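Student: Please put the structure up, and then I will ask about it.

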Amino acid sequence: MATPAPATRPANPRFSSGPCAKIPGFSLELLADAPLGRSHRAAIGKAKLKEAIDLTRDILGVPADYRIGIVPASDTGAVEMALWSLLGARKTTMLAWESFGAGWVTDVVKQLKLDAEVKTADYGDIVDFKTVDFDTDVVFTWNGTTSGVRVANGDDIPDERAGLTICDATSAAYAMDLPWDKLDVVTFSWQKVLGGEGGHGVLILSPRAVERLESYKPAWPLPKIFRMTKNGKLNEGIFVGETINTPSMLCVEDYLVALKWAQKIGGLKALIARAEGNAKVVADFVAAKPWIANLANNAANASVTSVCLKFTDARIKDGAAFAKAVAKRLEKEGVALDAGAYRDAPPGLRIWCGSTVEKADVEALMPWIEYAFEAEIAAQAELA
């Protein structure tokens, strides 16, 4: 083989894009204060949930007049609550450039049966926001978890708009600067950038979104876990920790531990810097290698969390098989777990570079990617 096995291995080989790597130094002992076996409606349970909401607001810089709720079914549940409760009052525009955005299109067009305008872009690109009518309700992902592209900023979203902006920000929150004045609904799951456990979503509503909830009743029935109003008024309890269904207090404790770690290292600014630093390690590596490239076609739109890569070497005969073999080899070597591209995405690798990942681990992984690439090229030649 042309490339020997590297001497250094990542201390933590977990590069999954969700659930993601735990915070540095994590241990189960950190969860000892979780009120296990207690009702989430008891004073201690409500206090924990309220603390999680307050710390979320503080670290993300969410405006004081925006509501923050912890809701069931991860980011998917939060997005579905928004779609089913808010859409239908005016025309809808759906923007999709990866599999999850395409999933929201299916929900709106085929399930809610709304006559929505659908704008799409291929993997590696995003829809041009200058072509979007923001007097309609606009639904989009901020960061394409499966495509490695993101909205660079909110500059093309007008301050004065008649419609709502509904943003799935699950792999962006805590790693990217979200312009709150441009966003009316934001959803995410703490299993992403803060490395929490799965199953819980966060739903953030602007005053404009609350006004829509209180002035509009959808034509379709709403399941219990989607209902955010009572007698035409917002159910404020949801946004102070009185959850619709039973949350895991162990998962809430885990989120609190991560939030306090984030506070300790310097808050959102430090979290963003960690993710950007990790992504730059990958970008520098890719720039120096002629056989691999970022899936994002425009560097300004390249994700700093779910970094998606594609192999470009002309010697590769079967792109999908080759990429799977590289990912399998990385896992077998114990240097990168769950680093293959998403099943619906183009073949390649997907390296999570979110804020809980240590830069030294990303640096250690890069030579292993080259090693695995050369090994698979050699293996392919032997079979020829």
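This is a predicted model: local features need pLDDT of at least 70, side-chain atom pairs count only at pLDDT 80 or more; totals for chains, interfaces and linings use all residues.

Tutor: Residues are numbered from 1 along each chain as its sequence is written, and side-chain values use heavy atoms, with hydrogens and water left out.

Student: What is the bridge partner of C167 in β6?
Tutor: β5 also runs parallel to β6 (residues 185-189), and three bridges join them. The partner of C167 in β6 is V186.

Student: Are the residues of β5 buried or exposed?
Tutor: Buried means under 20% relative accessible area, exposed over 50%, and partly exposed in between (1.4 Å probe, protein chains only). In β5 (residues 165-168), T165 and C167 point one way, and I166 and D168 the other way. On both sides the answer is that all are buried.

Student: At what angle do the axes of α2 and α3 cross?
Tutor: Two packed helices are described by the angle between their axes and the distance between the axes. Here axes are lines fitted to C-alpha atoms, for helices over the stretch in contact, and angles run from 0 to 180 degrees between N-to-C directions. The axes of α2 (residues 74-86) and α3 (residues 99-111) come within 11 Å, and their crossing angle is roughly 35 degrees.

Student: How many residues in the contact of α2 with α3 are nonpolar, polar and charged?
Tutor: Contact means heavy atoms within 4.5 Å. D75, T76, V79, E80, L83 and W84 in α2 meet W104, D107, V108 and Q111 in α3. Ala, Val, Leu, Ile, Met, Phe, Trp, Tyr, Cys and Pro count as nonpolar, Asp, Glu, Lys and Arg as charged, and the others, Gly among them, as polar. The division is five nonpolar, two polar and three charged.

Student: How many disulfides does the structure hold?
Tutor: A disulfide is counted as a pair of cysteine sulfur atoms within 2.5 Å. The sulfur of C167 is 17 Å from its closest cysteine sulfur, in C20, which is too far for a bond. For C251 the closest cysteine sulfur is also in C20, at 14 Å, again too far. The number of disulfides is zero.

Student: What is the C-alpha to C-alpha distance between K48 and M249?
Tutor: K48 is found in α1 (residues 43-60) and counts as buried at 8% relative accessibility. Leaving aside neighbours within four places in sequence, K48 is in contact with D33, P35, M249, V252, E253 and L256. K48 and M249 are 201 residues apart in sequence, but their C-alpha atoms are separated by 8.1 Å.

Student: What is the relative accessible area of R212?
Tutor: R212 sits in α4 (residues 207-215). Not counting residues up to four places away in sequence, R212 touches L86, A89, R90, D137 and L164. R212 is buried, with a relative accessible area of 8%.

Student: What is phi of N231?
Tutor: N231 is found in the loop between β8 (229-230) and β9 (233-234). N231 is exposed, with a relative accessible area of 85%. Its phi is positive, in a residue other than glycine, and is near 55 degrees.

Technical notes:
Helices (H or I, at least four residues) and strands (E, at least two) are DSSP runs, numbered from the N terminus. Two strands pair if DSSP finds at least two bridges between them.
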